[in-house]
Amino acid sequence: MRPMDEIATAEPPPAPGAEQYPALDLANSAVTLPGGHRIDFLATPGAAEQWLVDRGLAPSDTGLIETCAGRLRSLREQIRALLAARTAGLPAPAAALTAVNDALTRAPAASLLHWDPERGLYREAAHPVTQIVEHALAVLAANAADLLTGPDAERLTACRSTPCSRYLLRHGRRHWCSTRCGDRARAARAYARRTRTDAD
């Protein structure tokens, strides 16, 4: 049997749509669990690197530093702002649009040509880690743009189980990101009905 701490901090299964849209997975990379516990899967450079590696967006030896992890967390918040606006039927926040567009346009197109007396001519990014991160940010930003402008945008919703803060693509009448959240929402509704009946 696993210790309670491990169970409490286990990463929940991907929300519906997160496997198809890495940007949705990024938006959900900070999770609020029952009891108000919050887990951020990008909290440290090592955690952020592992998140990118697990999704095929960086090699395992990238050597991510805090600046890069911070940029990934920042893009997450801007994508969350766009998802929140879309699900609420509100205009897209200008700062979020600027951040996503900036990530889209900053991706390096090519490694530069260099000369070294011992190696001769070779191609390499000036800052390989920065290039890897900017490429990952561009992929995630493009994916967010595809989600928000494509046919699946109509299915985008926020999980309706408090305190969950994840987004998902709705399937039929399902408005929960996981079975756990669905069970919690149903239990809360049943408790509210019993409380109203007892009060009458």
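Student: What should I know before I start?

Tutor: Residues are numbered from 1 along each chain as its sequence is written, and side-chain values use heavy atoms, with hydrogens and water left out. Local features in this predicted model need pLDDT of at least 70, and side-chain atom pairs count only at pLDDT 80 or more, while totals for chains, interfaces and linings use all residues.

Student: How do the axes of helix H4 and helix H6 cross?

Tutor: Helices are DSSP runs of H or I with at least four residues, strands are E runs with at least two, and both are numbered from the N terminus. Axes are lines fitted to C-alpha atoms, for helices over the stretch in contact, and angles run from 0 to 180 degrees between N-to-C directions. Here H4 (residues 66-88) and H6 (residues 128-149) have axes that come within 11 Å and cross at roughly 5°. Angles under 35 degrees count as roughly parallel, so H4 and H6 are roughly parallel to each other.

Student: Which residues in H4 meet H6?

Tutor: Contact means heavy atoms within 4.5 Å. On the H4 side, they are Cys68, Arg71, Leu72, Leu75, Ile79, Leu82, Leu83 and Arg86. Their partners in H6 include Val133, Glu134, Leu137 and Leu148.

Student: Which residues touch the most other members of the largest nonpolar core?

Tutor: A nonpolar core is a set of buried Ala, Val, Leu, Ile, Met, Phe, Trp, Tyr and Cys residues joined through side-chain atoms within 4.5 Å. In this core of 37 residues, they are Trp51, Leu72, Ile79 and Leu83. H6 gives the most to this core, with eight residues. Leucine 83 touches Leu147 and Leu148, among others, when residues up to four places away in sequence are not counted.

Student: Is glutamate 134 buried or exposed?

Tutor: Buried means under 20% relative accessible area, exposed over 50%, and partly exposed in between, with a 1.4 Å probe and protein chains only. Glutamate 134, in helix H6, is buried, with a relative accessible area of 11%. A polar contact (a pair of N or O atoms within 3.5 Å, one able to donate a hydrogen and the other to accept it) of 3.1 Å joins its side chain to that of arginine 106.

Student: Where does threonine 62 lie?

Tutor: Threonine 62 is in the loop between H3 and H4, and it is buried at 8% relative accessible area. A polar atom of its side chain lies 2.6 Å from the backbone oxygen of proline 59.

How values were computed
Parallel < 35°, antiparallel > 145°, perpendicular 65-115°, else oblique.
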